[in-house]
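Thanks for asking me to look this one over.

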Amino acid sequence: MTDEELHKTAFESEVDSAGIAALADTDGADVAILGGDANAFIMAFATFNVVIRSEKGAVKEGETAFKIKCKNHVHGCPYSAPKQSTVNSHELKCKTISPELALSAKPIACKAPDCNKRYDTTEQMEKHHKQIHEWVPKQCSHPECTEKKFFQAKTTYDTHKRTHSVVTPAWAPRRCSFPGCTKETVYDKKNSLRAHLEIGHHLVREQLGPFINCSSLRQHHS
């Protein structure tokens, strides 16, 4: 059996009659593909099931035998997927662009010698440089922290530090604690109590703290 016959036999074993008919409509192009250039054969076979589904009237795209590359692969994008629709979704948010476009879109380059990041403004670049290139990995300094790892980026360090922040207690219904106040109203909202203190006791904003916080109020117990 000749090489061309072997190619054709292997090809026909992978497709159904509908697919063969679809290729047959190309006036002998299938024979040329089977016995011709290997790249042409791969490209034809990679999109073959799409043709079959189209011939059968199906609307859902099926997976191809070979992965489709992102259109920006020529600029270094490594993304590929078996479905064109998946690749299309990726391309909408792909950040790999040509060097020429990168220069026009982000004119400010990072001043670190081995960094290829670019930014719209000098302020953005300086922030990046400080957080990434000037940052010295360190552990959390909170006295009660049990996390022993070194944080490699300032952003992750700051996020972790916030887990130790003091959480303001939730508001609880309460009565007014101003000395001599006989009003028995239970204030469900902080703003309501604030209004009472300002109007009923003529307090200004700077004087509200001791009566708004949770330490010295007549708590309401239902």
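1. Among contacts in the chain between residues at least 6 apart in sequence, what share join residues at least 24 apart? The share is 24%, with contact meaning heavy atoms within 4.5 Å.

2. A word on the source before the details. This is a predicted model, in which local features need pLDDT of at least 70 and side-chain atom pairs count only at pLDDT 80 or more, while totals for chains, interfaces and linings use all residues. Residues are numbered from 1 along each chain as its sequence is written, and side-chain values use heavy atoms, with hydrogens and water left out.

3. Now the overall picture. The chain's secondary structure comprises eleven helices and six strands; these are DSSP runs numbered from the N terminus, with helices being H or I of at least four residues and strands E of at least two. Of its 222 residues, 24% are buried. Here buried means under 20% relative accessible area, exposed means over 50%, and partly exposed is in between (1.4 Å probe, protein chains only). The chain exposes about 15700 Å², 55% of it from carbon and sulfur atoms; the areas come from the Shrake-Rupley method with a 1.4 Å probe, and for residues only the protein chains shown count as cover.

4. Let's go to the largest nonpolar core. It has nine residues: Cys-176, Cys-181, Tyr-187, Leu-193, Leu-197, Leu-203, Leu-208, Phe-211 and Ile-212. Helix 10 (190–200) and helix 11 (209–212) each supply at least two residues of this core. The term covers a set of buried Ala, Val, Leu, Ile, Met, Phe, Trp, Tyr and Cys residues joined through side-chain atoms within 4.5 Å.

5. His-202 sits in the loop between helix 10 and helix 11 and is exposed, with a relative accessible area of 65%. Its phi is positive, about 60°, although His-202 is not a glycine. For background, most residues other than glycine have a negative phi.

6. Which residues of helix 6 (residues 84–93) are buried? They are Val-87, His-90 and Glu-91. These residues cover an arc of only 100° around the axis, so they lie on the same side of helix 6; the arc is that of the directions from the helix axis to the C-beta atoms. In an α-helix there are 3.6 residues a turn, so residues three or four places apart point the same way. On the other side of helix 6, Leu-92 and Lys-93 are exposed. The cover over the buried residues of helix 6 includes strand 1 (68–69) and strand 2 (80–81).

7. Thr-86 also belongs to helix 6, and is partly exposed at a relative accessible area of 33%. Not counting residues up to four places away in sequence, Thr-86 touches Tyr-79 and Ala-81.

8. Helix 8 (residues 122–133) passes a simple length check. At 1.5 Å a residue its twelve residues should span 16 Å, and the end C-alpha atoms are 15 Å apart, which agrees; the expected span is 1.5 Å times one less than the number of residues. Met-125, His-128, His-129 and Gln-131 are buried in this helix. Their cover includes strand 3 (108–109), strand 4 (118–119) and helix 9 (154–161).

9. Cys-110 is in none, and its nearest cysteine sulfur, that of Cys-115, is 3.8 Å away. Cys-110 is buried, at 8% relative accessible area. The sulfur of Cys-145 is 3.7 Å from the closest one, in Cys-140, which is too far for a bond. Cys-145 is buried too, at 12%.

10. Finally, look at His-160 in helix 9. His-160 is buried, with a relative accessible area of 15%. Its contacts, not counting residues up to four places away in sequence, are Cys-140, Cys-145, Glu-147 and Phe-151. The C-alpha atoms of His-160 and Cys-140 are separated by 7.9 Å, and the two residues are 20 apart along the chain.

Definitions and conventions
Disulfide = S-S within 2.5 Å.
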